[in-house]
Every structure is written in structure tokens, then in C-alpha cells.
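Please look over the sequence and the model shown here.

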Amino acid sequence: MKKNGWQIAAAGILTAGILIFAAAIKSPQKTTWQLKESVKAAARVMAGEGMLRLVEDSLEKPRVALTFDDGPSKKYTPMLLDGLKERGIQASFFLTGKNIEGNEELVKRISEEGHLIGNHTYNHVQLSKLSAAKAKEEIEKTSNEIYELTGVYPLYLRPPFGSWRKDMELCVNMFPVFWTVDTLDWESKNVDSILQIVDNQVEDGSIILMHDGYETSVEAAFQIIDKLSDEGYDFVTVDRMLVL
């Protein structure tokens, strides 16, 4: 009988949730996350906190990953890290090896503050145009420098220009990471343009491509975080987004 009672309660919550969704959808001002919050409210009223936790398990917040290429930048990466720390956000930084020299303490800070550090080759080269041996050298040189500074050997590689050969996986034991939203921040250097691209394309599971070498990119990143956080998004590092 107890089992049947739980089934009835769950069915009641589901029915209430459907009705709430149906009513809320008529209001275009409501976001998807606000609709989900309505379902949780129904669960809380009808079945208490125990059932609410079960409902929350099936209503995970949408997730997005902010990624930054080409750094570290002596001028702008510290500004970005300050803002991320203030907001309690972890991001993913794909470092170019030649930019590490002179920024060693900055690389250590990125790691110590909980961000993911990945590899973006040493000279920002198009890997598909190199021999396997040369491409491997570009990657390993950067990975070794990151390891020496952080004690963590990077597992993730962002191929410059998104250029990747399948046979590269036989040469290096790393996972290539691409993107789903290209902000073109390096091209526009315009905050409004960056925000419009993200607003038009972002969805649950998006990996956003940015660069930490421009003031406009840093400012846009903060506005993206603030806006999407208000809409219910969680910001995570790319390792939590990828199914390996």
C-alpha cells in the first residue's frame, strides 16, 4: 500500500507539473528555468521536501562552459580571474605555450583557483598542416610547461582553428575540445556583439569560445555570467561537459 501511495503522489506531482507548465508557457516572459522552478514549487506543496529532492534530480539546472584561448595575458587574465573569483565561477583556460614565459605565477594562480587548464599548442599552429612528429612536439612542449608549474599534466587540448586530424589521437594521449558557440570576440572586440551571439545560440550544454587577451572579452564574460546565472545556468569546466 505504501508503494501505491508514492505512485499516487508522484502521479499527482506530474499532473500538477504538466498543468503548471501548460499555464506558464502562455507567458512568454518566463524562462525555461522559471518553469522548472514552478514544478519544484508544486512538488514542495504536494509532497514535502523528500519528494522535492526526487523532482530536482530530474530537473537539473542547464549547464554551460566558458572557455578562454590564447592566454595567459599579463594584462587581462588577472582581471578575468578577479571577476571569476568574485562570482564563484570556474572556467577553462587553453594556454598557448609561448605565452607562458613571464606569466608563470599567473598559470599557477589559474590552477590554484580551481580552473581547468588545457593545451592550445606552443605556437598557436594549425595541427592538420604539420607532420605528426611536429604536431606532437608542439603539444608536448606546452603540456610539459604546464605540468612543471602546476603539477597537473593537462588532459584536454583545444586545437587552434578547430583543426584536428583523427590520427593525432594516436600520437598524443589527450582529448580534443571544440566549441558550440563561437563569440568571435577576437574579431569584433565589441561587447554588445559578443553578448548577442551568446544570447542567440546558448543552450544547455553549450561550450562558449572566448579569449582572455582583450578587455572587451573580459567585460563580456562578466555580463554573460551575470545574465545566464539569473536565467538559472550553472557554469562548469569542460571536463564536466564531455562524455569521454
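Contact means heavy atoms within 4.5 Å. In the protein chain, residues 24 or more positions apart account for 71% of the contacts with a separation of 6 or more. This is a predicted model, in which local features need pLDDT of at least 70 and side-chain atom pairs count only at pLDDT 80 or more, while totals for chains, interfaces and linings use all residues. Residues are numbered from 1 along each chain as its sequence is written, and side-chain values use heavy atoms, with hydrogens and water left out.

The protein chain has eight helices and eight strands; these are DSSP runs numbered from the N terminus, helices being H or I with at least four residues and strands E with at least two. Of its 244 residues, 43% count as buried, that is, under 20% relative accessible area with a 1.4 Å probe and protein chains only.

Two packed helices are described by the angle between their axes and the distance between the axes. The axes are lines fitted to C-alpha atoms, for helices over the stretch in contact, and angles run from 0 to 180 degrees between N-to-C directions. For helix H3 (residues 77–87) and helix H4 (residues 104–112), the axes come within 11 Å and cross at roughly 20°. H3 and H4 are therefore roughly parallel to each other, since angles under 35 degrees count as roughly parallel, over 145 as roughly antiparallel, 65 to 115 as roughly perpendicular and the rest as oblique. On the H3 side, Thr77, Pro78, Leu81 and Asp82 meet Leu106, Arg109 and Ile110 of H4. The residues of this contact divide into four nonpolar, one polar and two charged; Ala, Val, Leu, Ile, Met, Phe, Trp, Tyr, Cys and Pro count as nonpolar, Asp, Glu, Lys and Arg as charged, and the others, Gly among them, as polar.

The second pair is helix H7 (residues 191–201) and helix H8 (residues 215–230), which pack at an angle of about 40° with their axes 9 Å apart. That angle makes H7 oblique to H8. H7 contributes Val191, Ile194, Leu195, Val198 and Asp199 to the contact, and H8 contributes residues including Ala220, Ile224 and Leu228. Seven nonpolar, three polar and three charged residues make up the contact of H7 with H8.

Thr142 lies in helix H5 (residues 132–150). Is Thr142 buried or exposed? Thr142 is buried, with a relative accessible area of 0%. A polar atom of its side chain lies 3.1 Å from the backbone nitrogen of Tyr122. Leaving aside neighbours within four places in sequence, Thr142 is in contact with Leu95, Gly97, Asn119, Thr121 and Tyr122.

Methods
Buried < 20%, exposed > 50% of the residue type's maximum accessible area, 1.4 Å probe, protein only. Polar contact = N/O pair within 3.5 Å; in protein donor to acceptor, adjacent residues only side chain to side chain.
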